[in-house]
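Me: I would like to learn how to read a protein model step by step. Could we begin with the structure itself and then take its features in turn?

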Amino acid sequence: MILIVLGAPGAGKGTQALMLSEQYHILHISTGDIFRSNIKQGTPLGVKAKEYIDAGKLVPDDLTLSLIMDRLRQPDCAGGYILDGFPRTIPQALGLAEELKADGDELTAVLDIEVPDEAIVARMGGRRVCPVCGESFHVVNRPPKKEGVCDHCGSALITRADDAPETVQKRLAVYHEQTQPLIAYYREQGKLLSFDGTASMQEVFENISEALERVNGSCDQK
Ligand code: AP5
Ligand code: MG
């Protein structure tokens, strides 16, 4: 199974991708997480990416494409994967389509999680993330068992640098301009499944799982 999770910043892509990867035992690949890990390690890629991420802009397509293509060629991707936050532009989608075609792979579905901008702004202010294992929490919607501490690994939770309100506004503008066109692109290909991302995390997950059962069922019958 090859899935793409599409949605505005804070729509819940990472939250749903993690739940789906556990449910279907497939890899969760987040370009944002890969960039953040490179930033933390101070790699040349991290140094370049930080400049864009801190400004709320997209990392340039050539850098992102070469990073993701290297990742998709690793043997652990053979069993399927969920792409969280990639593709984010039409050129990235075309690059991915070329790679899939070359490998004889087919995209299973694109999960579009829809949340209005006002709800996003409210959500981002409450997000807390674990800098070690990447788990995401929310002070109201998904509080950790112990305040400020990751449930999974016990590290101190932080607020992401790009969750500052003015950066969130920039990220939303970039999403509408550069990423939203992918919705029409994948709808035309018959791959798009849209979900109301304002429902609870569990409800969104159940709606996605049901839709995927239908897609898998129809694949099995072919
Ligand atoms: P990335 O890390 O992908 O950030 P993003 O797309 O802005 O999305 P987020 O991770 O902020 O949100 P999310 O949708 O994963 O939501 P989450 O589940 O955490 O990318 C960061 C940056 O890297 C980009 O800005 C860009 O610069 C660069 N980059 C990455 N990929 C790139 C690419 N392909 N090309 C170029 N540049 C790229 O949820 C958010 C909060 O809401 C959490 O607190 C969560 O607990 C809560 N929540 C989740 N679901 C619900 C719900 N249903 N109800 C209530 N609360 C919820
Ligand atoms: Mg995320």
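**Reading a buried residue**

Reply: Ile-120 is buried, its relative accessible area being 0%; buried means under 20% relative accessible area, exposed over 50%, and partly exposed in between, with a 1.4 Å probe and protein chains only. This is a predicted model, in which local features need pLDDT of at least 70 and side-chain atom pairs count only at pLDDT 80 or more, while totals for chains, interfaces and linings use all residues. Residues are numbered from 1 along each chain as its sequence is written, chains are lettered from A and ligands numbered from 1 in the order in which they are written, and side-chain values use heavy atoms, with hydrogens and water left out.

Me: In which element is Ile-120 found, and with which residues is it in contact?

Reply: Helices (H or I, at least four residues) and strands (E, at least two) are DSSP runs, numbered from the N terminus. Ile-120 belongs to helix 6, residues 117-126. Contact means heavy atoms within 4.5 Å. Leaving aside neighbours within four places in sequence, Ile-120 is in contact with Ala-8, Pro-9, Gly-10, Ala-11, Val-115, Val-168 and Leu-172.

Me: How many helices and strands are there in the protein?

Reply: The protein has nine helices and seven strands. Its C-alpha trace spans about 50 × 40 × 35 Å along the principal axes.

Me: What radius of gyration does the protein have, and what would a compact globule have?

Reply: The radius of gyration is taken over C-alpha atoms, and the globule rule is 2.2 Å times the number of residues to the power 0.38. For 222 residues, a compact globule would have a value near 17 Å; the protein has 17 Å, so the two agree. Of these 222 residues, 46% count as buried. Among contacts with a separation of 6 or more, 70% are accounted for by residues 24 or more positions apart.

Me: Which residues have the most contacts inside the largest nonpolar core?

Reply: In soluble globular proteins, nonpolar side chains tend to be buried together. A nonpolar core is a set of buried Ala, Val, Leu, Ile, Met, Phe, Trp, Tyr and Cys residues joined through side-chain atoms within 4.5 Å. Here the largest core has 47 residues, and Leu-83, Leu-111 and Tyr-186 have the most contacts inside it. Apart from it lies another core of seven residues, among them Phe-35, Leu-45, Val-59 and Leu-67.

Me: Where does Leu-83 lie, and what does it touch?

Reply: Leu-83 lies in strand 3, residues 81-84. It counts as buried because its relative accessibility is 0%. Not counting residues up to four places away in sequence, Leu-83 touches Leu-3, Ile-4, Val-5, Ile-29, Ile-68, Leu-72 and Leu-96.

Me: Which peptide bond is cis? Which residue other than glycine has a positive phi?

Reply: Most residues other than glycine have a negative phi, and most peptide bonds are trans. In this model, the bond from Phe-86 to Pro-87 is cis, with omega near -5°. Pro-87 lies in the loop between strand 3 and helix 5 (90-103). Phi of His-25 is positive, near 55°. His-25 is found in the loop between helix 1 (13-24) and strand 2 (27-30).

Me: Is His-25 buried or exposed?

Reply: His-25 is exposed, because its relative accessible area is 71%.
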